[in-house]
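Colleague: I am new to this structure and would like to learn how to read it. Could we go through it feature by feature?

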Amino acid sequence: MTIQNHLSRADRRAARIERKLDLVLDHLGLHDEVPGLDEVRTLVRQGKQVQAIKLYRENTGAALPEAKQAVDRLG
């Protein structure tokens, strides 16, 4: 396997683990505090998804897919 294949596989595994962890945290009623989340929510309510995703990424350092999923959950 190439290095790229190994990285893709590791990324997919990490994403699955993160989704499972998110489900556990939600089940327990625990939530990560995201800096600037109120501003992100405001942008979502205004229908400004792209700006909300951009702000979420700036505030958290999240990758694009993770930020999009987080913003979609807020919508």
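Colleague: Read along the sequence, what pattern does the protein chain follow?

Modeller: Keep in mind that this is a predicted model. The pattern, read along the sequence, is α-α-α-α. The protein chain has four helices and zero strands.

Colleague: How does the radius of gyration of the protein chain stand against the globule rule?

Modeller: The globule rule gives 11 Å for 75 residues, and the radius of gyration here is 14 Å, well over that value, so the chain is more spread out than a compact globule. Along the principal axes, the C-alpha atoms fill a box of roughly 45 × 30 × 20 Å.

Colleague: Which residues touch the most other members of the largest nonpolar core?

Modeller: That core has 13 residues, and Val 40, Ala 52, Tyr 56, Ala 67 and Val 71 touch the most other members. Helix H2 (37-45), helix H3 (49-60) and helix H4 (64-74) are the elements that give two or more residues to this core.

Colleague: Take Val 40: is it buried or exposed?

Modeller: Val 40 is found in helix H2. Its relative accessibility is 0%, so Val 40 counts as buried. Leaving out residues up to four places away in sequence, Val 40 touches Ala 52, Leu 55, Tyr 56, Val 71 and Leu 74.

Colleague: How many residues apart in sequence are Val 40 and Tyr 56?

Modeller: They are 16 residues apart in sequence, and their C-alpha atoms are 6.5 Å apart in space. With residues up to four places away in sequence again not counted, Tyr 56 touches Val 34, Val 40, Gly 61, Ala 62, Ala 67, Ala 70 and Val 71.

Colleague: Why does Thr 42 count as partly exposed?

Modeller: Partly exposed is the class between buried, under 20%, and exposed, over 50%. Thr 42 has a relative accessibility of 31%, so it counts as partly exposed. Thr 42 lies in helix H2. From Thr 42 to Gly 75 there are 33 residues in sequence and 10 Å in space, C-alpha to C-alpha.

Colleague: How far apart are the mean positions of the positive and negative charges?

Modeller: The protein chain has 13 positive and 11 negative charges, and their mean positions are 8 Å apart.

Key. Residues are numbered from 1 along each chain as its sequence is written. This is a predicted model: local features need pLDDT of at least 70, side-chain atom pairs count only at pLDDT 80 or more; totals for chains, interfaces and linings use all residues. Side-chain values use heavy atoms; hydrogens and water are left out. The radius of gyration is taken over C-alpha atoms; the globule rule is 2.2 Å times the number of residues to the power 0.38. Lys and Arg count as positive and Asp and Glu as negative; His and the chain ends are not counted. The place of a charge is taken as NZ of Lys, CZ of Arg, CG of Asp or CD of Glu. A nonpolar core is a set of buried Ala, Val, Leu, Ile, Met, Phe, Trp, Tyr and Cys residues joined through side-chain atoms within 4.5 Å. Buried means under 20% relative accessible area, exposed over 50%, partly exposed in between (1.4 Å probe, protein chains only). Contact means heavy atoms within 4.5 Å.
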